[in-house]
Amino acid sequence: MRRLELVLSRLVWFIPTLFGLVFLVFFISNVIPTDPARIVAGENATEAQVQALRAEMGLDQPLHVQFGRYIGDLATGDMGRSLYTRRAISDDLMHRLPATLELTFAAMIIAIGLGVPAGVISAVRRNSLTDQVLRVLSVSGLAVASFWLAMELQMFFSTRLGWMPLNGRVSGWGPDEITGFYVIDSILSGDWESLRDTLHHMILPAFTLALPAAATLVRFTRAGVLEVINSNYVTYERAMGFPTPLIIWKYVLRNALISTVTQIGLIFGALFAGAVVVEAVFDWPGLGTYAVQSILQSDTKAILGFSIIVGIVFIGVNLLVDIIHTFIDPRTLK
Amino acid sequence: MNALKRLMSDRAAALGALLIFGLIVVAVLAPWIAPYPEDVTAFHLADRLQPPSAEHLFGTDRMGADVFSRLLFGARITITIAVIAVGVAVAIGVPIGLIAGYYDGFTGGFLMRTSDIFLAVPQIVLAIAIAQTLGPSVENVILALSVTYWPFWARLVYAETKSLKKQTFVEAAQALGASDWRVMVMHILPNTASAIIVRTSIGMGATILTAAALGFLGLGAPPPTPEWGRTISEAREFLPDAWWYAAAPGLAIFLVVMGFNLLGDGLRDILDPKLRKGSR
Amino acid sequence: MTNTKKPGTLNRREMLAIGPLAGLGAFVVPSILRADTGSTGRYVHANNSAYDTLDPHTVGDVARVATRLNFYDGLYRWVDNPPRQIPWLATSHDVSEDRLTWTFHLRDDVMFHDGTPMTANDVVYSVERMLELGLGAGALFLPMIDPGNTVAVDDHTVAFTLKEPSAIFASLVGDIYVVNSALVQENEVDGDWGQAFLIENIAGTGSYTLSRYDPARGFIGERFADHFAGWGDKYFDEIEFRTVLETNTRLQGLMRGDYHGLDGYLAPDQIQRLREADGVTVNEEESMRVFHLAMHNGRAPLNDLNFRLAMVHAFDYDGYINQIMQGTVARNPTIVPGNLWGVPDVPGYTYDLEKAREYLDAYRAEHPGEEIRTLKIGTLAGFSETEQAAALMQNGLAQLGINVEIESSPWPVISTAMQNPETMPDMVPYWKSTYYADPNNWIGELYGSRYAPTRNVSSYHSEYVDERLEQALIETDQAERERLYQEATQRVYEDAAGIWIYNTKWFGPYASSVKNIRFCPVGNGQDMRWAYAE
């Protein structure tokens with residue numbers, strides 16, 4: 001009952017938060033000094049054509065009317081059209097979302113795969129050389145600019161050594177699109193060459209993206225594990241003569257997992273945001289590349305749509321994590 | 001004094017403090033220690049893209065300017081952006097958090113929900129949207145970062161204030177007839193200071209990284225500003241041959257952010273015993 | 001009396017290409033039969049911007065020209081260098097005596113990809129569509145012809161009635177890309193002229209048909225064997241144009257063999273690297289793309305001739321061309337490309353700070369007590385050559401004691417600002433590309449009052465120049481037009497209305513196996529029907 005209440009109260013906030021976000025980004029993006037109608041009309045257009053377009057696009061209306069219209073359209077899933085291509089922005093975003101999610105998930109797996117064991121080892125071998133090295137690495141992972149790391153890795157592994165592909169999601173055209181997630185699609189269609197190629201392309205961008213998240217996880221896991229190790233019941237079991245590895249498996253990892261899940265919302269957000277820059281370096285055809293392109297072209301509505309999609313994903317994931325958390329750690333319900 | 005001594009006895013924190021001290025020294029003294037201070041605006045087209053040598057420690061760039069000298073001047077921009085942006089974010093966030101925590105009814109709810117909206121998208125996304133709208137310049141980067149980062153301090157101070165409000169010393173002050181403002185500023189704020197300081201140190205690192213990313217995406221300072229992120233994006237065209245061109249500013253960013261993070265960790269250990277538990 | 005024209009003469013290659021027209025159809029040997037001919041596989045091109053739409057009428061930029069050239073055909077087609085037009089969908093045209101009605105004779109053997117024969121009605125529909133949408137090349141025609149003034153005389157004859165005589169109309173008809181009117185009309189939604197449909201689909205007669213398209217990645221085209229122009233001995237059966245935004249990645253990909261060709265305007269450092277790479281050939285061609293700093297002639301102090309003369313002597317042309325561009329481009333003294341006609345014989349201004357100071361002193365003498373304000377140069381974000389030019393100008397002016405502020409913005413932002421005299425920065429470095437090979441493309445559009453303020457962004461107005469430019473637009477005698485353009489350009493030069501720097505060369509980097517890239521400054525060699533691999 002309490003769980004349902006909590007979930008409902010979270011859900012109730014979802015809509016106003018989203019509305020607030022749209023409001024915020026809409027007004028931010030309308031401070032812009034460009035004239036969208038002129039951009040659409042092209043450099044050869046006369047003043048009269050621009051005026052006509054302005055009326056057609058509703059740009060001659062006061063801002064609050066434009067906002068009302070935008071909200072109305074948004075409710076039906078319509079985010080307007082790109083200034084340049086006249087393509088539906090929602091279509092473009094939905095088309096690119098799987099690419100970004102796939103990269104984000106891959107990075108998440110790498111981050112957890114590297115970060116959690118490293119954190120456990122670091123805690124168990126506290127103050128050893130291994131611990132010192134891992135801690136230095138984790139501090140470094142948080143300090144490096146991801147776009148720079150991406151460039152340097154690309155230069156070294158792709159250009160110099162030729163071990164990794166340079167850019168993109170896949171060499172050719174990829175597997176037949178079913179879900180838009182290439183790993184899933186290539187498995188579903190039994191296209192093993194595409195699967196190999198997709199994974200190969202994913203290594204560098206996913207690793208770059210994962211590094212700061214892995215570093216965060218090392219720190220949290222280490223702290224979480226240490227807390228457990230120092231706790232009374234572990235001391236007790238140790239005194240009872242249980243072998244240390246068993247204790248670690250039985251108690252420490254379970255607790256480490258809880259602290260990791262708590263972090264997943266945060267980490268997902270960080271990865272999703274980091275993808276903007278990492279995608280731009282690796283020409284990954286996802287939301288980030290789309291956003292950067294829209295920025296360069298000052299395609300206001302596209303940037304607006306991008307922010308909203310990211311907001312929805314972001315708020316949604318946090319909501320989900322809160323809910324999952326109530327199952328793993330029932331204390332939150334008290 | 002005691003705290004400082006303890007801070008310096010922690011090797012990692014001392015290293016962090018040293019790195020930041022180095023950054024400040026370099027930023028202040030840039031015109032005197034740079035071998036070619038005029039290279040911020042002057043060019044030597046005949047010496048374009050020279051590899052590192054005795055004359056040019058980190059080589060030269062696409063205009064034949066000394067990468068090292070420009071790097072030193074870039075430190076000024078980095079520190080300016082980080083200090084002002086974080087300063088403004090603190091100046092907005094702390095009072096909001098304080099008020100919201102103290103008047104934890106409708107006002108508090110409203111303020112915190114507002115900050116939730118800002119936190120509903122990753123900071124870099126919001127900063128990109130703002131910086132893009134306002135046009136590329138250092139001032140606009142600062143503005144974009146301040147506007148996007150204040151909720152972190154608001155959240156932190158809000159939580160602290162809420163718990164401090166119920167402490168006896170606060171209730172005592174209220175009972176003695178102190179005004180709300182007095183209680184907030186004289187009694188609650190000083191007790192949130194250590195949390196604010198820790199968050200600020202780590203926040204500086206994050207802000208520098210975001211600012212560099214904006215510069216990299218072309219939303220930062222216009223050329224020929226020697227901003228680090230923008231230098232890296234400039235250099236990209238010349239990789240892998242002119243490797244020094246991108247390597248130098250990348251390492252500089254790394255060291256400075258590392259400095260703030262290490263210092264932040266050290267400060268947390270000393271100032272915030274709650275968090276310290278178990279981390280060592 | 002009407003006079004019939006054929007655009008240019010044919011060489012042997014074109015006679016093969018447009019064989020049926022010349023009655024040489026039988027000579028086009030079915031290439032499959034010969035072992036060393038026929039398909040030479042697949043060509044992959046890495047492009048610097050996204051193919052976010054396939055509609056031939058809504059975009060007109062050079063960056064996305066590949067979809068228009070390979071999926072669609074125009075009435076005529078620009079080829080080779082120096083650029084000339086060859087008959088394409090139309091074989092010839094007549095101009096009425098009042099020089100208002102232009103009648104084009106179409107081929108009768110052109111098929112759309114779905115097998116429908118192309119007729120004059122398709123041309124009419126396409127022109128009306130362009131005028132209605134007013135985007136891309138459509139905007140170029142709007143000032144010349146009103147909707148409803150294009151008629152199908154019969155199935156294979158189409159007549160345009162212009163608003164006023166025009167000497168350049170024929171140069172533009174290559175941009176009338178003909179769409180399959182039946183197919184597009186079938187897919188119209190709420191009178192959108194099939195815009196939603198043509199974004200993702202094609203309805204053309206072009207050399208290639210669309211086989212895959214993803215706006216995030218690019219497109220693949222398959223050879224249209226029944227194309228009316230026939231095919232040469234060798235060709236690519238499949239062409240893929242992929243979007244790779246990062247220049248360095250495009251370069252690396254070409255060197256690794258992932259791509260077979262790139263767009264051809266690269267920085268000299270990159271060209272140098274490609275030249276040294278194995279298996280890469282850099283094709284070098286004279287082009288027509290003039291790089292200049294547009295100056296705001298309407299705003300003080302730049303509205304003063306002495307001040308502008310100081311400006312044109314404060315730019316280090318040599319340093320820019322020989323160091324930054326490493327001598328890969330040619331100095332261009334005026335706005336009109338030196339390799340076109342209508343160019344006056346004048347020497348380029350030189351970097352001479354002494355002279356600049358003299359002019360500046362003269363200016364100060366005329367304006368005693370005036371403090372020279374900070375000048376603003378707007379640059380194109382992401383185009384490092386514009387940033388470097390601005391930095392160089394800033395450097396030169398600093399030595400004259402004039403402060404310069406540089407503001408970098410994305411092209412859409414800056415181009416909007418430029419089109420309004422209020423918001424146009426004092427100077428903007430940018431390129432003027434070839435949309436049609438006529439001096440009007442440069443001197444007319446950039447300095448004629450008729451094009452202010454949208455394309456004449458300099459606020460430059462001179463009666464002397466306008467008279468000549470207007471006359472040249474309706475004059476049909478070539479020698480006379482040449483004289484008019486020379487005079488106009490000379491005057492603009494003497495008025496130091498802009499800082500003209502260089503005319504670009506095109507350095508098309510291709511895998512060494514790729515042969516017969518047919519470069520033309522209009523279209524940049526991306527018309528893939530001529531090329532093949534060896």
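Two residues are taken to be in contact if their C-beta atoms, placed from the backbone, lie within 7 Å. The structure described here is a predicted model.

In chain A, the domain assignment gives domain 1 (2-75) and domain 2 (89-333). Between these domains of chain A, 16 residues of domain 1 are in contact with 14 residues of domain 2. Helix α4 (residues 63-75) of chain A has 13 residues, and its first and last C-alpha atoms are 18 Å apart, close to the 18 Å expected at 1.5 Å a residue. Just after α4(A), a positive phi of about 85° is found at A:Gly77.

Chain A is also in contact with chain B, through 42 residues of chain A and 35 residues of chain B. On the chain B side, at least two residues each are supplied by α4 (106-119), α5 (123-134), α8 (180-216), α9 (228-236) and α10 (243-271). The residues of chain B on this side comprise 24 nonpolar, eight polar and three charged.

In chain C, strand β17 (residues 375-380) is mostly covered, with five of its six residues buried. Strand β17(C) runs parallel to strand β18 (residues 404-409) of chain C, and six bridges join the two. Within this pairing, C:Ile377 stands opposite C:Ile406 of β18(C).

Definitions and conventions:
Residues are numbered from 1 along each chain as its sequence is written. Chains are lettered from A and ligands numbered from 1 in the order in which they are written. This is a predicted model: local features need pLDDT of at least 70, side-chain atom pairs count only at pLDDT 80 or more; totals for chains, interfaces and linings use all residues. Helices (H or I, at least four residues) and strands (E, at least two) are DSSP runs, numbered from the N terminus. Ala, Val, Leu, Ile, Met, Phe, Trp, Tyr, Cys and Pro count as nonpolar, Asp, Glu, Lys and Arg as charged, and the others, Gly among them, as polar. The expected span of a helix is 1.5 Å times one less than its number of residues. A residue is buried if 20 or more other C-beta atoms lie within 10 Å of its own, exposed if 12 or fewer, and partly exposed in between; C-beta atoms are placed from the backbone. Two strands pair if DSSP finds at least two bridges between them. Domain bounds come from an automatic or database domain assignment.
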